[in-house]
Amino acid sequence: MIKDDNGKEMPALEIFSMVIRYLKGHLLETLETRGTGLDNNDIHWVLTVPAIWTEPAKQFMREAAEKAGISGEQLSICGTADITCHQKDAEVAFENYRNQISTETKKRNITNDTEGKVTLKVPVSLIQSFEKETGEEIKEVIKQMAYAGKMTWVGDKLRMDANLFRALFNDPKTNLVNHVKSLMTKGPLRDVSTILMVGGFSESPIMQSAIKDAFPGKKVVVPDEAGLAVLKGAVMYGHQPQTISVRISRYTYGINISPPFKSGEHSPERRVSIEGTDRVKDVFKKYIEAIQTLKVGEAVSGRHVTIKKRQKEMLLKIFATEDSNPRYVTDKGCEYLGKVVIQLPEVDEKLKVDVKMIFGETELMVEAKESTTGSTYKSFDLL
């Protein structure tokens, strides 16, 4: 549930679907006005989401899109990189509102050598929200802070020293550089020789200098209109998914299993008895390893066997972790993603289920096939 300023609640899925439905309708109306002859059936939609979103979050967006009238066959979910930093009395409230002030234009023009004052235009609604929340005028709050003399507020314009403006980039710069350094210590990323900077933040000379200074031995490339990379990339991917031939898995993915208990290998407290056989619960069966390179559409296969006779269904729970070699699905950092439920025929012998995990696309896909009936299950519940 999402709550508005007046305390009214509404399901998040409903809100997201309404936004998508509005954008979809706006485009279709424009196409009709221009006499293109195109309708919804002629369009393949690409929804961009932050790359750090989990699989359940991606499925949430897919369901919101389907609720808005976009079928699954017409939809691709594309992850994009986006790094942000978040930091209440009136001073803390001011810091929060200051972070919401748009610097889109200025960040492209201000360099490490810029001097004098920087002027930013501030939405009137932001000023009104601040004064409503704090009960104080924003210009008076500034006079009582460390910003006095370095920052002034007149009408809908905020003026500050260039040094203060550059200070807004300190935390994002540090976090971005540290994150990239961390990534470059892993597997195949150690040999990266070129850094391609895309996205709106990449158009800032301040951020460009930070990356170049942090990685002097790397070639840093900033293409024209780097801020449009997400939009252009989404369109290109929608037309030609094969443009991306390989991907590197961010997580280790696997399924929980209950193999026979082995003394000395398995933890005794995890031992359980199932139909007279000692087994160990919650073992992580690895399918895909973190930093593993996968071709688009490549499937990693495994086989699971029922542990009871006349078992009516098999429940496969999917987990993810940043750890390359987890032992149990309950290990620290393991996250439950969802499940696949396979319906089984009631027979006396134990049955086999073949599983394929596919992570070559932008979303994780799981396919399970029951060997006796040939029944196939191609999706799993993430919500």
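Predicted model: local features only at pLDDT ≥ 70, side-chain atom pairs only at ≥ 80, totals over all residues.
First, the conventions. Residues are numbered from 1 along each chain as its sequence is written, and side-chain values use heavy atoms, with hydrogens and water left out. Local features need pLDDT of at least 70 and side-chain atom pairs count only at pLDDT 80 or more, while totals for chains, interfaces and linings use all residues.

I start with the second largest pocket. A pocket here is an open set of points on a 1 Å grid over the protein atoms alone, where a 1.4 Å probe fits, with protein on both sides within 12 Å along at least five of seven lines; lining residues have an atom within 4 Å of a point. The volume of this pocket is about 640 Å³, counted as the space filled by probe spheres set on the points, which are joined across faces, edges and corners. Its lining has 23 residues, and Leu27, Ile43, His44, Trp45 and Val46 lie nearest the centre. Helices and strands are DSSP runs, H or I of at least four residues and E of at least two, numbered from the N terminus. α1 (12-33) gives the most to the lining, with seven residues; β3 (45-50) and α10 (229-239) each supply at least two.

Staying with α1, serine 17 lies in that helix. Serine 17 is buried, at a relative accessible area of 0%; buried means under 20%, exposed over 50%, and partly exposed in between, with a 1.4 Å probe and protein chains only. Beyond its neighbours within four places in sequence, serine 17 is in contact with Ala64, Lys67 and Ala68, contact being heavy atoms within 4.5 Å.

Now the cores. A nonpolar core is a set of buried Ala, Val, Leu, Ile, Met, Phe, Trp, Tyr and Cys residues joined through side-chain atoms within 4.5 Å. The largest has 31 residues, and Met160 and Ile211 have the most contacts inside it. Elements giving two or more residues to this core include β5 (117-121), α5 (124-134) and α9 (205-214). A second, separate core has 23 residues, among them Tyr251, Leu337, Val353 and Ala368.

Last, two backbone angles. Glutamate 275 is not a glycine, yet has a positive phi of about 50°. Glutamate 275 sits in the loop between β12 (271-274) and β13 (277-280) and is exposed, at 53% relative accessible area. Aspartate 282, also not a glycine, has a positive phi of about 65°. Aspartate 282 is in the loop between β13 and β14 (283-288) and counts as partly exposed, at 23%.
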